Amino acid sequence: MSSSISERIVSICSSLPTSVKLIAVSKQVSAQAIRSAYAAGIRDFAESRIQEAASKQAELQDLPDITWHFIGHLQSNKAKKAVEQFPWIHSVDNLKLAQRLDQLAQQLGVSPQVCLQVKILPDPNKSGWSVPELLADLSTLDQYKNLQIQGLMTIPPSGLNDPEILNVFNLNRELAKKIKEQNWSHIKMQHLSMGMSGDYELAVQAGATMVRLGTILFGDRS
Ligand SMILES: *Cc1c(COP(=O)(O)O)cnc(C)c1O
């Protein structure tokens, strides 16, 4: 890509509705490139590996108003670090992990914002709740008072065409609405984390509140 990171950010930000937060996915991206995106106004960055994130976070400590988002599959032995390093975790993908994060949050005296990762369509390549599994687990999730359950995250299976992808995003919005209408005492459903470089326009059309963009901002990770 010939345009600079800041030019791409300005152009994408101006195309997004103000209700949509752009999260810059900085996995495999240097701290220097993160600084460029920061200089262009980005304050939300997402990483998918705890260790890689830790070294960049240390290097960027002089930028205190960054909000870090975790978006990768989280193994339980990394859960403590995730809670320590990330105020947002988009990839809470099973009940056991949610329970562990809730316990850790209590011990550490924090209350991370989380999204529940759901597979709207069956997808053997991804982790996450199926829709029936998630609905069955809500009453337990509602008791995890140290987690601020903010919404749903989804990634469509690969190989879908645009109308099919849009349908997945629409179904995710409908699912969040259905859960919200159940009036849980603790679970909130005000965010939809959906949309990556290849499909974020469809996600925005379907009501995404957070898009997670890597390649389109920083170039190919190769
Ligand atoms: C890598 C990644 C992204 C960003 O993907 P791009 O196609 O580079 O925009 C978004 N969400 C998750 C969960 C990812 O792992």
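1. Basis. Residues are numbered from 1 along each chain as its sequence is written, and in this predicted model local features need pLDDT of at least 70, side-chain atom pairs count only at pLDDT 80 or more, and totals for chains, interfaces and linings use all residues. Side-chain values use heavy atoms, with hydrogens and water left out.

2. Overall fold. The chain holds 9 helices and 9 strands (DSSP runs numbered from the N terminus: helices are H or I, at least four residues; strands are E, at least two). Of its 222 residues, 50% are buried (buried means under 20% relative accessible area, exposed over 50%, partly exposed in between; 1.4 Å probe, protein chains only).

3. Helix H3. In this helix, residues 50–59, the buried residues are Ile 50, Ala 53, Lys 56 and Gln 57. Viewed down the axis of H3, they fall within an arc of 130 degrees and therefore line one face of the helix (the arc is that of the directions from the helix axis to the C-beta atoms). Gln 51 and Glu 59, on the other side of H3, are exposed.

4. His 90. This residue belongs to strand S4, residues 88–92, and is buried, with a relative accessible area of 0%. Its side chain makes polar contacts of 2.8 Å with the side chain of His 69 and with that of Ser 193 (a polar contact is a pair of N or O atoms within 3.5 Å; within protein, one must be able to donate a hydrogen and the other to accept it, and residues adjacent in sequence count only if both atoms are side-chain atoms).
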